[in-house]
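Here is a short briefing to read alongside the model. The points are grouped by topic.

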Amino acid sequence: MAGAPAGPRLLLRRIREVMAEPVNAQTRLDKIVIQIASNMVAEVCSVYVLRDDGRLELFATEGLNRTAVHLTTMRAGEGLVGLIAERAEPLALSEAQSHPAFSYKPETGEEIYHSFVGVPILRGGNTLGVLVVQNRAQRTYLDEEVEDLQTTAMLLAEMIASGELQSIAPAGAVISLRKARSIKATPIADGVGLGHVVLHEPRVVVKQLVAEDSKKESARLDQAVAGLRASMDKLIDGDDHTGAGEHRDVLETLRLIVNDPGWSRRMREAVMTGLTAEAAVERVQNDTRARLQRSRDQYMRERLHDLDDLANRLLHELTGQPFVTANEKLPENAIIVARTMGAAALLDYDRRKLRGVVLEEGGASSHVAIVARALGLPVVGDVRNITNLVEDGDSIIVDGGVGEVHVRPPADLESAYGEKARLRARRMEQYRGLRDTPAVTRDGVAIDLHMNAGLLVDLPHVEETGAVSIGLFRTELLFMVASQFPRLGEQVKLYKSVLDSVPGKPVTFRTLDIGGDKILPYMRHYEEENPALGWRAVRIGLDRPALLRYQLRAMLMAGGGRDLRIMFPMVAESVEFDRVKDMALLELAHLERHGHERPRDLQLGVMVEVPSLLWQMDEILARVDFLSVGSNDLMQYIFAADRDNKRVSDRFDPLSPPALRALKLIADKANAAGKPVTLCGEIGGRPLEAMALIALGYRGLSMSPSSVGPVKAMVLGLDVGEARAHIAPMLENRDGARSLRTELQAYAEAKGVPL
Ligand code: PEP
Ligand code: MG
């Protein structure tokens with residue numbers, strides 16, 4: 001059948017005509033398979049559609065027994081059709097029956113056909129079905145024929161995706177791509193959000209698949225590729241380029257692909273099969289997506305994002321549609337779905353309309369996650385392929401507590417979640433009711449509940465939660481969302497606005513904690529083998545004193561005439577504190593010489609994050625005004641388990657004897673020395689852990705805003721004297737105990753301590 005007589009363009013036109021006919025779906029599909037078979041001079045053409053239960057069902061055939069339609073089914077992976085669906089790749093064989101995967105379905109009568117070619121019906125990288133052509137004679141199918149079949153499959157994909165075929169599916173079988181889906185995800189920020197999908201990078205929806213004039217389409221494609229090339233050059237080499245580091249690397253990779261002749265050739269070939277330039281871009285990208293998604297190679301999977309990005313840019317170039325940010329038409333109850341996004345981009349959305357964030361990539365410590373948490377939004381990450389599974393406006397539920405996304409949920413699930421969200425809102429209301437109640441235990445011990453913050457959007461939460469102060473202000477977040485290193489004046493303004501926004505309440509500023517995974521896009525970044533153990537936080541400040549002194553100067557200027565507290569992250573030796581304190585005092589003297597008002601009271605402290613400090617407690621306590629335990633880092637270093645590596649970060653429990661003994665040692669030493677100590681890691685915000693910490697001697701805990709209410713409720717129900725008497729002995733003689741969690745939970749339950 002070399003050189004199909006009618007050619008693919010004619011076939012596409014015929015199919016389009018059939019698509020427009022006012023007939024029912026089965027008749028339409030039956031007509032389409034006849035057209036394809038005749039166009040390809042084949043005896044058989046069949047369409048298998050993937051059902052919700054994972055089986056492929058024969059929906060239409062020309063050539064096989066008609067009685068098998070809607071009866072013959074196979075699993076993905078079963079037989080040649082199943083193999084194509086599973087691999088999402090075409091398969092052409094001159095002798096199908098000798099292929100090891102061949103599985104005989106007697107009801108179809110296919111034993112008389114020898115050669116076989118099948119292609120997956122793809123949309124958005126998802127397999128929706130399989131299109132098969134068979135010939136009685138043994139023959140070799142040409143690459144162009146396979147290509148043509150793939151193009152035809154694209155039209156079928158549209159038909160399946162439209163939901164039209166559902167009406168002819170047997171009772172109980174659900175086939176639509178737009179079915180309800182529940183997808184496991186990594187929980188990043190707690191909470192439940194119900195709403196509608198807003199794609200952070202809106203896709204161009206290709207409506208016209210079949211071209212009138214292929215030459216014209218080919219020219220349009222060439223022009224668009226050239227336009228894209230020029231704009232990439234401008235982005236990378238142009239004067240206005242401010243991005244550096246990672247951003248630049250990504251652009252360089254994109255430019256390499258744009259200049260790769262193979263990339264544009266594949267699209268041009270697709271245009272020659274009769275598609276419009278836009279449809280050709282989508283077709284090629286569909287194949288690429290299906291292929292790369294299955295790749296075990298992480299690098300290859302990451303390239304897929306680059307290719308997706310390029311295809312999207314090219315579609316914008318072709319249609320002349322500008323990259324409108326979804327922001328401009330943000331609906332109420334918006335759930336942002338993004339492959340990845342920067343922290344600043346999230347802040348651009350109207351916060352009042354946001355209900356949640358779903359990220360295809362991005363873990364709990366990604367910058368956007370930190371910002372989303374600050375905005376009080378539920379967030380999940382690691383949701384593979386989500387940007388292709390949803391469309392703008394789809395209903396969606398984000399469960400940031402369990403780590404789940406429900407796309408187009410059925411009504412009962414939606415109402416169950418609605419109830420869950422209402423319950424949560426009611427609980428939040430109860431916590432808000434505690435706002436003005438002092439956090440004092442049942443036996444009269446006052447516990448200071450502070451709040452962690454890092455962005456200006458966090459600040460109203462101090463008032464809302466009734467936190468006594470900002471116990472940790474992570475200054476690097478302001479630097480991370482800036483496009484360039486903030487100048488002195490800007491920094492002064494930022495710190496002043498932080499102080500101004502919480503009048504009468506202290507703020508503990510932490511100096512820049514960059515390095516490791518916290519990268520400033522405008523600062524030179526050094527690749528390190530072990531970033532968590534590398535050049536980060538105060539180490540950078542010690543080696544580049546100008547940077548730290550600049551920041552200290554800004555803080556001291558902002559704190560003129562007021563109380564000011566500054567602490568230093570990642571101090572490993574007491575003498576490091578001497579050096580940074582000297583810098584602060586030098587800056588203070590400098591400012592005084594220039595007539596600036598000095599802070600009314602300046603307190604300098606150290607974060608206990610590096611285990612070496614545990615054996616220098618006396619030396620460090622003799623020097624500092626206060627300590628703050630950064631338990632996130634302290635635990636990662638004590639247990640040698642990277643906090644951002646999911647494989648190891650859960651291997652240990654902070655409620656295990658070694659962890660609790662270390663935390664007790666710090667509290668005992670600080671209390672004995674009469675120096676205030678707080679804890680500002682994540683565990684301070686979890687009621688059970690907070691209960692243990694209070695029993696160990698901590699009287700100040702700093703936590704994210706949403707934790708203040710639950711921890712206060714726990715404090716109000718706790719008897720510290722009793723808890724201490726019960727818990728302290730748990731730490732003795734605990735050979736082999738990996739965690740005291742269950743025992744602590746049992747204690748809280750027995751005593752009615754709300755967790
Ligand atoms: C910590 O390490 O516990 C801490 C509070 O600092 P960060 O989480 O910002 O490293
Ligand atoms: Mg830390």
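**An enclosed helix**

The buried residues of α24 pack against α23 (657-673), β21 (677-679), β22 (700-703), α25 (705-716), α26 (720-727) and α27 (741-751). This is a predicted model.

- Among the buried residues of α24 are Pro687, Leu688, Glu689, Met691 and Ile694.
- Gly697 follows α24, and its phi is positive, near 120°.

**Magnesium site**

- Glu609 (OE) and Asp633 (OD) coordinate the magnesium ion (ligand 2), at 2.0 Å.
- This pair links distant parts of the chain, 24 residues apart. Glu609 sits in the loop between β19 (601-608) and α20 (617-623), while Asp633 belongs to helix α21 (residues 631-638).
- Glu609 and Asp633 are both buried.

**Ligand 1**

- Ligand 1 is surrounded by 14 residues. The closest are Arg474, Arg510, Glu609, Asn632 and Arg643.
- In the side chain of Arg474, an N or O atom is 2.8 Å from an oxygen atom of ligand 1.
- For Arg510, a side-chain N or O atom is likewise 2.8 Å from an oxygen atom of ligand 1.
- Asn632 uses its backbone: an N or O atom there lies 2.8 Å from an oxygen atom of ligand 1.

**Six-stranded sheet**

- Six strands make an open, antiparallel sheet, ordered β3-β2-β1-β6-β5-β4.
- The edges are β3 (73-75) and β4 (91-93). Each has a single partner strand, so one side of each lacks a neighbour in the sheet.
- From one strand to the next, the twist averages 20°.
- β2 (residues 55-62) pairs with β3 in the antiparallel sense, over three bridges. Leu56 has Met74 in β3 as its bridge partner.
- Helix α4 (residues 143-161) lies across β1 (44-50), β4, β5 (115-123) and β6 (126-135). The helix runs at about 45° to β5.
- Arg139 lies in the loop between β6 and α4. Arg139 is buried, with a relative accessible area of 12%.
- The side chains of Arg139 and Glu145 are joined by a polar contact of 3.4 Å.

**Eight-stranded sheet**

- Eight strands make a second open sheet, ordered β7-β14-β13-β9-β10-β11-β12-β8, with mixed pairing.
- β7 (181-184) and β8 (186-189) are the edge strands, and each pairs on one side only.
- Neighbouring strands here are turned by 30° against each other on average, direction ignored.
- β7 and β14 (residues 404-407) pair in the antiparallel sense over four bridges. Lys184 has Glu404 in β14 as its bridge partner.
- Helix α13 (residues 411-433) packs on this sheet and touches β7, β9 (192-199), β13 and β14. Its direction makes about 120° with that of β9.

**Ser395**

- Ser395 is found in strand β13 (residues 395-399).
- Is Ser395 buried or exposed? Ser395 has a relative accessible area of 19%, so it counts as buried, the cut-off being under 20%.
- Leaving out residues up to four places away in sequence, Ser395 touches Gly195, His196, His406, Val407, Arg408, Pro409 and Glu414.

Notes
Residues numbered from 1 in each chain as written. Chains lettered and ligands numbered in written order. Predicted model: local features only at pLDDT ≥ 70, side-chain atom pairs only at ≥ 80, totals over all residues. Heavy atoms only, no water. Donors = N, O, S within 2.8 Å, 3.2 Å for Na, K, Ca; no water. Helix = DSSP H or I, 4+ residues; strand = E, 2+ residues; numbered from the N terminus. Buried < 20%, exposed > 50% of the residue type's maximum accessible area, 1.4 Å probe, protein only. Pairing = 2+ DSSP bridges. Axes fitted to C-alpha atoms, helices over the stretch in contact; angles between N-to-C directions. Contact = heavy atoms within 4.5 Å. Near = heavy atom within 4 Å. Polar contact = N/O pair within 3.5 Å; in protein donor to acceptor, adjacent residues only side chain to side chain.
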